Amino acid sequence: MQSMQRLDENPCRPRHFKPPPPCAPVVSDERAAQLLETCRTRLLATAALFAVVFIVVALRLAEIVLLSGGSAESHAGRIRPIAAPLPVRADILDRTGSLLATTLDSPSLYADPRQILDAGEATRALSTVLPQLDAAEIQAKLTSGKSFVWLKRHLTPKQVYDVNRLGIPGLQFEHEERRVYPFSDLAAHVVGYCGIDNNGLAGIERALDERTKSSRQPIELALDARVQFILHEELSRVITDFSAKGAAGIIMDVRTGEIIAMVSLPDFDPNHPGAMNPAEAKERIFNKITLGDYEMGSAFKIFNTAMALDGGTATMTKTYDAVHDIRIGRFTISDYHGKHRMLSVPEIFMYSSNLGSARMAMEAGAERQRAFLARLGLLRPVPIEFDEVSKPHFPSLWREVNVITIAYGHGIAVTPLHVATAVSAIVNGGILRPPSILKLPPGTAPSGERVLTEKTSEQMRKLMRLVVEYGTAKLAAAPGYVVGGKTGTAEKNSGGHYQEKKLVSDFVAVFPMQDPRYLVLTLVDEPHGTKESHGYATAGWTVVPATSRVIQRIAPLLGVQPVDEASPAITKALAVESLQGKRIESY
Amino acid sequence: MIRLGALFWLLLVVSAGFVTFKVKYAVQDIEDELNRVRKQTIAEQQEIRVLNAEWTYLNQPERLAELNRRFLQLAPIGTKQLQQKAEDIPLRPLPPPIAPPDVLVAATTDPPPAAQSAAAASAGDESLPAAPAASSGAPALAALAISPASASELPVAAATLKPGSAKPGAPVRLAKATAGLQPRSLDELFSQVAETR
C-alpha cells in the first residue's frame, strides 16, 4: 500500500490514473524511488526549456509590438516582390520635352509549329495582319514540324494586338526591347543611333552611352525639334533647288552656346540604320557640322576684321589698297567684285574685298593672326559632348602666303561648329563659351573666356549688319529681325587644286543684330546655279535666301520680338560712323 | 471545474487557430491584390511609354505641316501679327446696344467699394464689368473681348454704357464716381478689372 501511496503522489502519473490493485509483483521501494527521481529531474529540465523558449517568444513579441515603434511595418512595406522593369536605355528629349529617342517593348513573334492546327489557315490569317511577310515562307515554317520558328522580329504594339486577335494557338511573343526614334531622320546626327544590342553607335547615343544605361533620368537636349524641322526643311529645299550634293546648318544661342538645331544632309533614319545603301551609308552618317572640315571662304573675314580691330592694327576709318593685286610667289590675289579703289574697313567687310582683308592681315602679322585664331578656338577640336569631332586643318608653318589666304578663309579648314562657336563669341560681347548640345538650366550660361573686347564685338555687329543691308547678303533680310551676317564661297580643294565648279557656299547670320540672340550658320556643298539665281551658286544666291526664310519662321518660335528696323533706336545702335552721310554703293 | 477550464482553453485554441487562419488568408488575398495592382501599374506604364512614342510620332513636324496644308492652311506668324505692346492692337468696333433693363438698374445702384464686392458676389456676372467699364469708357472695354473669359459678359456690359440708351443718367453718375481711375493703358485697365474683382 505504501508503494501505491507513493505512486499516487508521483507527478508523472496520468491525472485520473487509478492504480490497479496490486496483483503484479511490486517493484522494490528503492528502485521505484530512483525511477521517480529521474523522472522528476527530466520533467523539470523540459519545463525549464519550454519556459525559456516561451519567455523568449513573449519578449520578442513585446519588443515587436510595443518597443519597435512601427519599424517592423515599414520594413514589411519595403519588400517589393515585383520591381518595374526598367528600359535598357534612358529616353532622350528635346528642350520642349518631345521624345527624340525612347525604348519600347517590341515583342517578337515566334511559333511552335507542332501546336498549329491548320498551317494554311494560320498563314492566310497572318498575312492579313502582317502583309510584309512572305506567305510561302511562313507556310514552310509552320509545316516544318520543329518546335520553335521565328516569324517576325520587333512587332509594333498594333501588330501584336492584331496577331493576338487572330487567336491562333501556337503563336507566342518573346519580350524584346528596341530603341525607337519617333522623329525618324529629323535629328539623326544629333541623337545618333543604336546597334542591335542597344549600344550607342553615333551622336548622343554614343557620346552618352554610359549615362543612358546607368541612369533612367531622361537626357534633355538643347535642341528644339520645331526649329530643327524648319532648318531641315529649308536646307532640303536648297539641295533640291540647286541640285547640291549636301547641306548643313546649325542654330546656336549666342548667349549660352546651346545648340538649338543641327542638320547635316543627306541624313538617315536612325530607326533603320542598316537599311541604308552601303555605298551611301558613310556619306549619310557623316555629320558635316562636327566632322566636316571646310575652307569657309569670306566668312573668315569676320575673324580677320575682328583680329585687326581688336589688336588695334586697324580702325573703323582706316583705308586699305584694294586697287593693286597682290602677287606672292606663284599666286596672284585679286578681288571677285573689285571696287578698284581705297576701301575703308567697313567697306572691305561689306564688299568682301580679298585684297583689303589680305592687307589688313599682313599688317597685323602672322603671329597675331595665329594667336587670335587660337584664342577663338579655331585651331583645336571644339569641346563638345560628341565623339565625332574633327581637328581643324591649318598650316604648320605660318608663312606670309598663309597669312594672306587665311585672311579670306582659304588655307585653313575648320568645321561649321568651330565657326558658329567663334562667331557667337564675336557678337555676344566677346565671351567664348563651349557649345552645348545638352540643355542648360534656364537663365544660366557656362562660364566663358573673354577673347575680345566689348567694343570690338559692337563694331563687328555693325559690320555684319552692313553686309545684309548693303553687301553680299541682302537677300537675308528678314524684316523686323535685324539680321546681320557674312557670306562665304570657297572652291573645293581636292588634291591641292581648287576646282572652280565645285563650291562650298556658306552664310553665318546672327539676329537680332542690336542685341544678338541666335546664330544661324548654313552651308551648301556643291550647289549648281539655276535660272532663278542667274546661274550663280554663290552663298548670296543659295543659302542666304534660305537663311532669311529660316529666321522668319523660327524667330516667333524662339520668342524674338520683331522691331521696327527703321526706328531711330535701332539705326543709331547699328550705325557705322565712318559711313555716315556717304552714299553707300551697292555690292 | 477542471473540465470547464479545459473547455475554455480548447475554445481559445480553436478560435486562435481560426483567427490566424483568417488573417493569413486575408493577408494572402491582399498580397495577391497588391501584386496584381503592381503588375497592372507596370503594364500601364509600358502602355504610357508606347502612347508617348506614338503621340510624338503623330506630332512629327513634317506630318503636322502636311495636315496643316491640307486642312488648315495656317501660315507662319508674320511680323505684323506680333505686337510688342497691347496699345498697338487696334480696338474692335462696338457691338450694337442690346440693353436688358435689369442690368442697367444693377449698374446704376453705384454701391461703395466694400458693398460693391458684396454685390458682385451676390449679383453674379453682370454687375462685375459695370464698374471698370464705367471708368474706362466703352471702346477700351470692347478690347476686352480678346480675353475669352470676359467675352460672355461683354455685350451686356458694353451696352450699359452706351450713351443715349434707355437711362442716360446712369453711366454719367458711374463715370463721376470713378473719375480718378481713368486708365491710361490697356494694362492699367486690366489691373483695374482685377482689383474690382
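Colleague: In which sense do strand S1 (residues 92-93) and strand S2 (residues 99-105) of chain A pair, and over how many bridges?

Modeller: Strands of a sheet pair through backbone hydrogen bonds, either parallel or antiparallel. In this predicted model, S1(A) and S2(A) pair in the antiparallel sense, over two bridges. A:Leu93 stands opposite A:Leu99 in S2(A).

Colleague: In what order do the strands of that open sheet stand?

Modeller: Four strands form the open sheet, in the order S6-S2-S1-S7 of chain A. The pairing is mixed. Strand S6 (177-180) and strand S7 (219-220) of chain A are the edge strands, and each pairs on one side only.

Colleague: What packs on this sheet?

Modeller: A helix of chain B, H1(B), packs on the sheet. H1(B) touches S2 and S6 of chain A. The direction of H1(B) makes about 140° with that of S2(A).

Colleague: How many residues does each chain bring to the contact between chain A and chain B?

Modeller: The size of an interface is often given as the accessible area lost when the parts come together. Here we count residues instead. Chain B brings 20 residues and chain A brings 23 residues. On the chain B side, the elements giving two or more residues are helix H1 (2-58) and helix H2 (61-72). H1(B) gives the most, with twelve residues. By class, the chain B side has eight nonpolar, eight polar and four charged residues.

Colleague: How many helices and strands does chain B have?

Modeller: Chain B has ten helices and zero strands. Of its 197 residues, 15% count as buried. Now take the contacts in chain B with a separation of 6 or more: residues 24 or more positions apart account for 72% of them.

Colleague: How many bridges join strand S3 (residues 108-111) of chain A to S5(A)?

Modeller: Four bridges join S3(A) to S5(A), and the two run antiparallel. To find the pair on screen, look for A:Leu109, which stands opposite A:Phe173 in S5(A).

Colleague: Next, helix H13 (residues 301-311) of chain A. Is H13(A) mostly covered or mostly open?

Modeller: Count the buried residues. H13(A) is mostly covered, with ten of its eleven residues buried. Among them are A:Lys301, A:Phe303, A:Met307 and A:Asp310. Just after H13(A), A:Gly312 takes a positive phi of about 85°.

Colleague: At what angle do the axes of H13(A) and helix H15 (residues 354-364) of chain A cross?

Modeller: Read the distance and the angle together. The two axes come within 10 Å and cross at roughly 45°. H13(A) and H15(A) are therefore oblique to each other. H13(A) passes H15(A) in a left-handed crossing.

Colleague: Which residues meet where H13(A) and H15(A) touch?

Modeller: From H13(A) come A:Lys301, A:Asn304, A:Met307, A:Ala308 and A:Gly311. They meet A:Ser357, A:Met360, A:Ala361 and A:Ala364 in H15(A). By class, this contact has five nonpolar, three polar and one charged residues.

Conventions
Residues numbered from 1 in each chain as written. Chains lettered and ligands numbered in written order. Predicted model: local features only at pLDDT ≥ 70, side-chain atom pairs only at ≥ 80, totals over all residues. Contact = placed C-beta atoms within 7 Å. Nonpolar A, V, L, I, M, F, W, Y, C, P; charged D, E, K, R; others polar. Buried ≥ 20, exposed ≤ 12 C-beta atoms within 10 Å, placed from the backbone. Pairing = 2+ DSSP bridges. Axes fitted to C-alpha atoms, helices over the stretch in contact; angles between N-to-C directions. Parallel < 35°, antiparallel > 145°, perpendicular 65-115°, else oblique. Left-handed = near helix turned anticlockwise from the far one by under 90°.
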